[in-house]
Structure formats: C-alpha cells, structure tokens
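I'll jot down what I look up as I go.

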Amino acid sequence: MTNADESKSVSPVEQGEKRLSDDVNVLEAEVAQMTLEREKAIQSIRDLREAEDPVKKIYHHEEIFQAQQLKLRLDVEIKFRTNKINRINLGMEEMETSPGLSKGFLF
C-alpha cells in the first residue's frame, strides 16, 4: 500500500461503523442481552446435533455452522463491550495503551 492509498483510506467511523456507547449502563444492558442470545445459540447447536440421525441421513451441518458463527460473533461483541466497560472504569481513553506497556510490561 502506497502513501497515496493510505491517505485515501476511510476510517471505520466514516464508513458507517457504529461506535460503542460511553455509558456503562447501556454497555452492561447490551452484554446481558447478547449473553441471552449466546445461550440461545448454544442451545440451538445442542438441539440440532441431537436431531441429527446418520442412519436416516438427517444432517443439520449448515444450521449448526451458522449457529456456531453466531455464537462466536456474540462472544466477540460481548468481549468488546466488557473491555470498553473496563476501560471506562479505569478512566482510560479508547485508544490509550495501558501504563505498564509503555514501561515494557504487558500488564
């Protein structure tokens, strides 16, 4: 990528990517809602696996795969929001590194 290409690149905010809220209560509510969705996805995966019957050639591999992807996406979204809550509680800016990292320590 050349310097000209870099200058043409659009930031995620300009591309329409939604930023996370700065309100801890909103983030906690989103985490709770996503956790419920995640549990439903896990139960759906279990049910689909139990409903499979290789003898009768009944398979649900596509639905299982989609449910697993949904679960993984929710895991990441929950982690993003949890990290944001922790950063707000610690008084850190969004792109600020931890103080230990500047001293050579990861934690």
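Predicted model: local features only at pLDDT ≥ 70, side-chain atom pairs only at ≥ 80, totals over all residues.

Below are my entries, from the overall fold down to single residues.

**Entry 1: the overall picture**

I looked up the secondary structure and found four helices and zero strands. Reading along the sequence, I get the pattern α-α-α-α. Next I checked burial across the 107 residues, and 17% of them come out as buried. I also looked at contacts between residues at least 6 apart in sequence, and 58% of those join residues at least 24 apart.

**Entry 2: H2 against H3**

I know that two packed helices are described by the angle between their axes and the distance between the axes. I looked up both for H2, which covers residues 24-51, and H3, which covers residues 61-90. Their axes come within 9 Å and cross at roughly 160 degrees. Angles over 145 degrees count as roughly antiparallel, so H2 is roughly antiparallel to H3. As for handedness, the crossing of H2 and H3 is left-handed. I then sorted the residues in this contact by class: 15 are nonpolar, five are polar and 11 are charged.

**Entry 3: a close pair of alanines**

I picked alanine 41, which sits in helix H2. Is alanine 41 buried or exposed? With 5% relative accessibility, alanine 41 goes down as buried. What does alanine 41 touch, if I skip residues up to four places away in sequence? I get Ala67, Leu70 and Lys71. For alanine 41 and alanine 67 I also looked up the C-alpha separation, and I have 5.7 Å for a pair 26 residues apart along the chain.

**Entry 4: salt bridges**

Side chains of opposite charge can pair when their charged atoms come close. How many salt bridges does a search of the whole structure find? It turns up six.

I started with glutamate 30 and arginine 81, whose side chains meet at 2.7 Å, N to O. Glutamate 30 is in helix H2 and arginine 81 is in helix H3, so this pair ties together parts 51 residues apart in sequence. I checked how open each partner is. Glutamate 30 is partly exposed at 22% relative accessible area, whereas arginine 81 is buried at 5%.

Next I looked at arginine 38 and glutamate 39, a salt bridge with its closest N and O atoms 3.3 Å apart. Here I have glutamate 39 as partly exposed at 41%, and arginine 38 as partly exposed too, at 21%.

Then I turned to lysine 71 and aspartate 75, which form a salt bridge at 2.9 Å, N to O. They are four residues apart in helix H3, so about one helical turn separates them. Aspartate 75 is partly exposed, with 25% relative accessible area. Tracing shared partners, I found that salt bridges join Arg38, Glu39, Lys71 and Asp75 into one network. Lysine 71 was already on my page, as one of the residues that alanine 41 touches.

**Entry 5: the loop**

Last stop: histidine 60, in the loop between H2 and H3. Its relative accessible area is 19%, and the cut-off for buried is under 20%, so histidine 60 counts as buried. Leaving out residues up to four places away in sequence, I wrote down Leu48, Ala51 and Glu52 as the residues histidine 60 touches.

Note on methods: Residues numbered from 1 in each chain as written. Heavy atoms only, no water. Axes fitted to C-alpha atoms, helices over the stretch in contact; angles between N-to-C directions. Helix = DSSP H or I, 4+ residues; strand = E, 2+ residues; numbered from the N terminus. Parallel < 35°, antiparallel > 145°, perpendicular 65-115°, else oblique. Left-handed = near helix turned anticlockwise from the far one by under 90°. Nonpolar A, V, L, I, M, F, W, Y, C, P; charged D, E, K, R; others polar. Salt bridge = Lys/Arg side-chain N within 4 Å of Asp/Glu carboxyl O. Buried < 20%, exposed > 50% of the residue type's maximum accessible area, 1.4 Å probe, protein only. Contact = heavy atoms within 4.5 Å.
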